[in-house]
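Dear colleague,

I am passing the structure on to you with this message, and my notes on what was found follow directly below. Please read them with the structure open.

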Amino acid sequence: MIPETADSRAGPDIPDYLIVGQGLAGSVLALLMRRRGLRFRVVDNANPSGATRVAAGILNPVTGRKIVKSWRADESLPSAFAFYREAERELGVGLLGERIIHRYLVTGNEREIWRRKRDQEGWGSLTSPLPEEARPGFRGGLQGFRIHGGGILDAPGFVEAVGLLLLREGNLLRAELPVESIRISTAGVEWEGVRARRVIFCEGHRASRNPLFSWLPFRHAKGETLTLRWDGPCDDRIHNFGKWLFPLGGGEARAGSTFKWADLTETTTDAGRAEILDGLARVLPVQPEVIGQRAGIRPILKDSRPVAGLHPGHPNAGIFNGLGSKGVSLAPLFAEQFLNHLESGGPLDDEIDARRNL
Ligand SMILES: Cc1cc2nc3c(=O)[nH]c(=O)nc-3n(C[C@H](O)[C@H](O)[C@H](O)COP(=O)(O)OP(=O)(O)OC[C@H]3O[C@@H](n4cnc5c(N)ncnc54)[C@H](O)[C@@H]3O)c2cc1C
């Protein structure tokens, strides 16, 4: 990064923000800025393996082996559904579907956890029994329950459509922004003739290489998914059994995903494919044909919470990241909160504030 200088003073008519990265984080932030009439530019290098471009896009209010309500689900899911519905209108494309999730309890431990938890208060209308006849195409005898209030966002379609809108309006540059080449001063930021009041980095897992924010305790995780030929029922259910599976229509289905901390390459692996197929074998009577495989890296902090805030030494540089494996649900709520913070000094929740890591 080029150090602060007096010559990069921001003028009165320059954009308010320069956003680096147009995955989920950058796209949601950009749309919110657009809704508020703020002026911004986005720079993105269109990496086809960016996490959002391989994400399944599932919104799930009840998750994990321990079967718990997803963190902040009561606020984040309504906020996410409202945000993406509005985005569908702005972008002129269908992206979001409400979905029932079938959760299969494939281990004795999971069945025991659910036996203890199912009658507890707090589930409200989130879960209901899963009748035997609701599982055509799956192994007989599977136990489980239904989860209500979930859905799927076409996450790659969302970033694609936002990118097209921003390009049309002259607000997106398809380029790599090497962080060392950005000039940050007390008055504003400048990169290759693009000037703004502030820069917000939404670089996904690449943030670990950003000298401004590499002090954050990142612990990214690689994930892989498979595209399958599918002649099972073409309903709109999501099937969850440690792994997940959902029909895509047109004789295809998607299944995933793996979760690996050590290998942070964006390439697919035989081991990833085998792990997903092993998971599928627990619930499907026959092995489906694999017709595609993808890999990406989920940007995660050690405490598995999102991160938002301004740099402690450079108040014109901020970050929005750490969306982990639930970015689709979490991004709208926390992008809105971050923008309130940036524009009017509104509070950031302690749990997402970048300063928690100082
Ligand atoms: C296999 C898999 C399945 C997933 N499934 C789900 C799911 O079902 N539900 C869910 O909610 N989440 C899911 N996720 C997680 C979700 O994908 C992430 O939370 C989210 O996409 C992160 O978005 P991001 O914008 O932070 O990062 P990214 O999507 O990686 O976006 C960062 C963008 O910035 C660009 N960039 C970075 N640095 C620069 C630079 N210096 N100059 C220019 N461009 C730059 C990158 O190329 C990229 O386009 C999944 C992830 C994986 C890997």
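How many salt bridges does a search of the whole structure find? The search finds 27, a salt bridge being a side-chain nitrogen of Lys or Arg within 4 Å of a carboxyl oxygen of Asp or Glu. Please note that this is a predicted model, in which local features need pLDDT of at least 70 and side-chain atom pairs count only at pLDDT 80 or more, while totals for chains, interfaces and linings use all residues. Residues are numbered from 1 along each chain as its sequence is written, and side-chain values use heavy atoms, with hydrogens and water left out.

One of the salt bridges joins Arg197 to Asp16, at 3.2 Å from N to O. Asp16 is buried at 13% relative accessibility, whereas Arg197, at 31%, is partly exposed (buried means under 20% relative accessible area, exposed over 50%, and partly exposed in between, with a 1.4 Å probe and protein chains only). Another pairs Arg356 with Asp303, whose closest N and O atoms are 2.7 Å apart; both Arg356, at 25%, and Asp303, at 35%, are partly exposed.

As for the ligand, domain 1 (6-53 + 157-217 + 302-357) and domain 2 (99-150 + 219-298) both contribute residues to the shell around it, so the ligand lies between them; these bounds come from an automatic or database domain assignment. Polar contacts (pairs of N or O atoms within 3.5 Å) include one of 2.4 Å between a ligand oxygen and the side chain of Asn45, and one of 2.8 Å between a ligand nitrogen and a backbone N or O atom of Leu177.

Best regards

Notes:
A polar contact is a pair of N or O atoms within 3.5 Å; within protein, one must be able to donate a hydrogen and the other to accept it, and residues adjacent in sequence count only if both atoms are side-chain atoms.
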